[in-house]
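Open the structure in your viewer and keep the selection tool at hand.

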Amino acid sequence: MRRRLLLVPVLLLCAAMSALAAEPLEITLAPDGANPASPQMGEHLQFGSVIRNTGGVSLHGIVAWISMVRMDPGQEQPMDLEDWSAHKAVTRATLAPDGAITVNWPMRLIQAGDFRVVISAVTRDSQRIVTSPFLDFHVRPKPVVESSRILPVAFGMPLLIGGLLAFRMRGRILRR
Amino acid sequence: MNPILLIARKESRELLGSGRGLAWLLALSAVLSVLGLLFVSNTELSLLDNAQVVTMELGTITALGALLAVVLGSDAIAGERERATLIPLLLSPARRTDIVLGKMGNQLVGWLVMYLIGLPYLWAVGSSGQNLAQACAYLALFGTPLVLGFGFLAQGLSSRAAAVRSALVPSLLALILLGGPVMLGPSFRQSAIGSWLDRVNPFAAAINSFDSVVIDSQSLSAQLARLAIVLIWLAATAAFARSSATSMNV
């Protein structure tokens with residue numbers, strides 16, 4: 001009975017190892033050599049990654065995508081890449097054994113702060129996600145237009161002149 | 001009272017007191033508001049540097065001021081002719097040069113109001129950036145002669161035209177010809193014709209000065225040649241307006 005009980009964790013460990021071994025994808029992630037050393041808001045960055053099939057069988061239905069999180073203390077949050085990049089994912093129908101997909105991930109720096117990017121991939125037949133190593137970068141701020149000042153002026157000035165116009169027209173109507 | 005001041009005061013009262021004049025100012029303010037909202041809502045524009053945004057705003061205020069001057073200038077004499085008030089005006093003790101200068105007083109007031117309307121917008125886009133005070137000063141220094149020059153040109157054409165429309169169309173074409181390539185961007189000015197036009201174009205001189213003062217923080221001494229172009233433009237158009245007024249037919 002005791003032997004049987006010992007066998008259970010061993011079997012579970014083997015199952016877990018076989019599941020890991022069954023995920024023959026490897027993803028690298030590195031910054032482009034042409035990236036600015038100290039990037040600022042408005043500039044562009046590019047990241048390169050290679051998604052490689054390290055297994056012995058072809059993989060089908062591969063989807064890889066880029067994700068980013070903000071890492072500033074107290075402001076940690078996942079980022080919506082809508083404005084940052086138009087190239088957020090790649091798909092391949094098949095990836096042969098030892099085959100690789102090289103992907104460049106361009107990015108426009110919309111916001112200042114500390115960020116971390118990662119590339120994730122899944123295949124149709126697998127139940128696990130594979131990720132690249134993290135890549136951290138810092139974006140320097142830049143003095144840009146602040147909406148808190150624009151909005152009152154943009155709405156206030158036409159309202160002021162419009163009010164003056166309405167006042168004049170009302171006075172003219174009353175005089176008649 | 002000095003006839004120049006008398007005419008200028010009467011015309012200015014019509015501009016600022018009439019519904020039509022206020023509607024014009026409302027429309028010009030709305031254009032600046034839309035531009036300001038684009039600066040914060042458009043991803044590309046929201047990432048522009050403060051100084052770049054201030055320069056764009058200066059160019060827009062100048063262009064709108066010139067547009068107002070063209071409209072007022074086109075109406076100055078031809079409008080009187082259309083309303084059958086030109087003969088009484090010419091029969092008054094005011095000399096024709098006084099009439100020209102009095103009408104220009106109205107345009108000066110129009111530009112002053114446009115300038116004052118533009119200041120809050122400049123503050124809104126540029127107060128967290130650099131050279132905002134210089135931007136306001138150079139808008140007055142370069143914008144005033146440039147805008148008044150367009151006013152003189154329109155007024156000169158207005159003296160020769162039978163109807164407001166006949167003066168307005170060529171004045172607007174001149175504004176588009178001089179202001180269009182400058183407002184559309186530097187790529188239009190890199191061709192041979194574009195660079196030649198850039199050297200003699202008073203509109204380009206003003207915009208290039210705004211650029212070099214606000215973005216590159218250059219001094220006034222670097223702007224003197226450009227200021228000379230703008231002043232020559234003012235003198236030439238003023239002479240044209242005066243000669244048109246003295247030779248006009250009723």
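Here are the stops, one selection at a time.

This is a predicted model: local features need pLDDT of at least 70, side-chain atom pairs count only at pLDDT 80 or more, and totals for chains, interfaces and linings use all residues. Residues are numbered from 1 along each chain as its sequence is written, chains are lettered from A and ligands numbered from 1 in the order written, and side-chain values use heavy atoms, without hydrogens or water.

**The interface.** Select chain B where it touches chain A. Here 30 residues of chain B contact 26 of chain A (heavy atoms within 4.5 Å). The two chains bury about 2,400 Å² between them, 70% of it on carbon and sulfur atoms (accessible area, 1.4 Å probe, lost on being put together, summed over both). Zero salt bridges link chain B and chain A (side-chain nitrogen of Lys or Arg within 4 Å of a carboxyl oxygen of Asp or Glu).

**Charged pairs.** Over all chains, the count is six salt bridges. Select A:Asp72 and A:Arg70: their closest N and O atoms are 2.7 Å apart. A:Asp72 is buried at 12% relative accessibility (buried is under 20%, exposed over 50%, partly exposed in between; 1.4 Å probe, protein chains only). A:Arg70 is also buried, at 12%.

Move to B:Glu11 and B:Lys103, a salt bridge at 2.8 Å, N to O. Both residues are buried.

Next, pick B:Asp75 and B:Arg83, bridged at 3.4 Å, N to O. B:Asp75 is buried at 18%, while B:Arg83 is partly exposed at 44%.
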